[in-house]
Structure formats: structure tokens, C-alpha cells
Amino acid sequence: KSDSVAPIWREIMSACRALETPTRVAYLGPAGTFSEQAALGFFGSSIVQVPCASIDEVFRATTAGAADFGVVPVENSTEGVVARSLDLLLSTPLHIVGETSLFVRQNLLRRDNTLAGVSAVVAHPQSLAQCHGWLGTNLPGVERRPVASNAEGARLASLDPSLAAIASERAGSEWGLHNVAPAIQDDANNRTRFAIVAHPDRQPRPAASGHDCTSLVLSVANRPGAVHDMLVPLKEHGVSMSRFESRPARSGQWEYYFYIDLQGHPDQPAFAGALAELRKVCAFFKVLGTYPVDVH
């Protein structure tokens, strides 16, 4: 019951905000991307949409104030993290204030309603990877051409009958394409997690909801036991970790940044104690954001 009421409530709140000052939301465009779908699902339809050509541009627009919020993909259940989003969370001042996840149904779209004569499949690299098995079986030897977004791939396929795009049904409708092969993702339960980012000067940290996640990026000295020492404060304060990813620090010294998600909010005394001790044992420590967990 609450699942059916939530979208209605979201639209009411979205319309009320729009009567005051419309919320400007940047996302990876053009029209028809999963990022657009995530933005509309999280904020409702009464927003000023700010479609961007790249994830970098979403961060630039939100940092500069051209958008109040940005929506960026951070993790896919099949292919793992979206590396560019993680790198930009590290290097920009934006913090995460919310999250949402989408069931991602990939479709093969074309001007002609047939698989015959496809010279190349165009899509975002993540989507090409998510459909690797299907493409190998059904379009063996056909070029897989990465583009900035799936909706951009759909646009290109609308101009060239020899191209096929991998994108959402919405993108197919937007560009007048046939859905030649629906649901071609290799994992039937394929989901993508999106972060809602904002500038901390304009959007403060959300208050504790009781179901919160705090995302951090850390590094430790390159010495034996350093990673173990990083985890000890979490155990001692009873803080659970739900994600642990490593990314090269690009220093040329075989050093790594660790991206971790912790269950809790800094307003909770035990959690705050764990963060304080964790900060002491880390060579680098940055809170990427604290936000309510998307339970769907």
C-alpha cells in the first residue's frame, strides 16, 4: 500500500516545490536515459530538467549552481561501480544527499524491425557490458561502439538504419525506433543505483531517518596491517559496513583509495565515535555524504 502511495506523494511535493522555486536537476541526457528516469522517479515530474552530455558535466552544472541537484549512476548489480562517478565524488565538493535504484531493462532498438543488416551496436559502455552474452550469441562479430549515453545511441540509430541501440523503451519511443529485442540484459535482476548529489553550501546533510548510509573515501599508509587497523574502529563501535571498493590513487606508488558505505548517521554517538577514530588511522579521509537508504 505504501509503495502505491509514495509516487503520488512525490508528485504532490514536487508540484508544491515548483510553485515556489522549481527544483533544477542535472542528469546524464538526452531524453530517454535511465538517469532521466531516476531523476523523475526521485523528484517527481515538476522539475526543471537539466540534461547533460556526460557525467562530468552533471558534476560541473551542480557545482556551479546551474542545477540544485545532480543524479549520477554509481553502481550496477551486474558490472559493479561506475568508476567516473566515484572519481568525481572524490575530486569535487559535491556530497551525496540521497539515493535511488532502478530495475534496468535493456532493449535493442532500430529503425528497421529486424536483426538483419546491423553494422554496429551503439550504447553506453556499461550497457554494452550488461548485454555481453546476448550480443555474443545473437550478433556475433558485430561492432560494439561505446557512446556517451544510451539515449545518444538511440538518437544515432534513428539517423542510421544500419545501427542498433541498446536503451530504454522510453528512448525508443522518443526517437521512433522499433524494439527489435526486449530485455536483452544478461542478468534478469539487473539494477543500477544512482546517487543524488548537491553542493553542501546549498543543500545541507539530511537529518537522521533511522535508515541511513554514510559514504566515505579513505586511504591508509602502505604498511602491513594498515587496512586491518582501518576496520578496527568499526568493529569496536558496532558499525556495519555494506560496501568496500578499492580504486587506484594514480600516484604511481601502488596506493589505493577505499570507498566504503557504513550503516548509520554521524548524529548517532557510537557512529560519530567510530568516524573520529577512523579519521585518526587514515592518511586521507573524506565523507562523501550521509543520506536515507533507498529500501526498494
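1. Let's start with helix 9 (residues 226–236) and helix 10 (residues 269–281), whose axes come within 9 Å and cross at roughly 170°. Here, axes are lines fitted to C-alpha atoms, for helices over the stretch in contact, and angles run from 0 to 180 degrees between N-to-C directions. The two helices are therefore roughly antiparallel to each other; angles under 35 degrees count as roughly parallel, over 145 as roughly antiparallel, 65 to 115 as roughly perpendicular and the rest as oblique. Asp229, Met230, Pro233, Leu234 and Glu236 in helix 9 meet Ala274, Glu277, Leu278 and Val281 in helix 10, where contact means heavy atoms within 4.5 Å. Helices (H or I, at least four residues) and strands (E, at least two) are DSSP runs, numbered from the N terminus.

2. A word on what you are looking at: this is a predicted model, in which local features need pLDDT of at least 70 and side-chain atom pairs count only at pLDDT 80 or more, while totals for chains, interfaces and linings use all residues. Residues are numbered from 1 along each chain as its sequence is written, and side-chain values use heavy atoms, with hydrogens and water left out.

3. Helix 3 (residues 55–64) packs against helix 4 (residues 83–91) at an angle of about 30°, with their axes 9 Å apart. Helix 3 and helix 4 are therefore roughly parallel to each other. Ile55, Asp56 and Phe59 of helix 3 make the contact with Arg84, Ser85, Leu88 and Leu89 of helix 4.

4. Along with Val72, Leu89 has the most contacts inside the largest nonpolar core, which has 27 residues. Such a core is a set of buried Ala, Val, Leu, Ile, Met, Phe, Trp, Tyr and Cys residues joined through side-chain atoms within 4.5 Å. Leaving aside neighbours within four places in sequence, Leu89 is in contact with Phe59, Val74, Leu94, Ile96, Val197, Lys286 and Leu288.

5. Is strand 3 (residues 69–76) enclosed or open? Seven of its eight residues are buried, so strand 3 is largely enclosed by the rest of the structure. Buried means under 20% relative accessible area, exposed over 50%, partly exposed in between (1.4 Å probe, protein chains only).

6. Which strands does strand 3 pair with? Two strands pair if DSSP finds at least two bridges between them. Strand 1 (residues 23–28) runs parallel to strand 3 and is joined to it by three bridges, with Ala26 opposite Gly70. Strand 11 (residues 191–198) runs antiparallel to strand 3, through six bridges, and Pro73 stands opposite Phe194. Strand 4 (residues 80–81) is also antiparallel to strand 3, with two bridges; Asn76 faces Gly80 in this pairing. Strand 3 and strand 4 form a hairpin with three residues between them.

7. There is also an open sheet of five strands, in the order 8-7-9-6-10, with mixed pairing. Strand 8 (143–146) and strand 10 stand at the edges with a single partner strand each, so one side of each is left without a neighbour in the sheet. From one strand to the next, the twist averages 35°. Strand 7 (residues 120–123) and strand 8 run parallel, joined by four bridges, and Val121 stands opposite Arg144. Helix 7 (residues 150–159) lies across strand 6 (107–110), strand 7 and strand 9 (163–167), at about 155° to strand 9.

8. Most residues other than glycine have a negative phi, and most peptide bonds are trans. The peptide bond from Gly29 to Pro30 is cis, with omega near 5°, and Pro30 is found in the loop between strand 1 and helix 2 (34–43). Ala183 has a positive phi of about 50° although it is not a glycine. This residue is in the loop between strand 10 (178–181) and strand 11, and at 33% relative accessibility Ala183 counts as partly exposed.

9. Finally, helix 2 is mostly covered, with seven of its 10 residues buried; among them are Phe34, Leu40 and Phe43. Gly44, with a positive phi near 90°, follows helix 2. Ser46 lies in the loop between helix 2 and strand 2 (47–52) and is partly exposed, with a relative accessible area of 25%. The C-alpha atoms of Ser46 and Arg24 are separated by 9.6 Å, although the residues are 22 apart along the chain.
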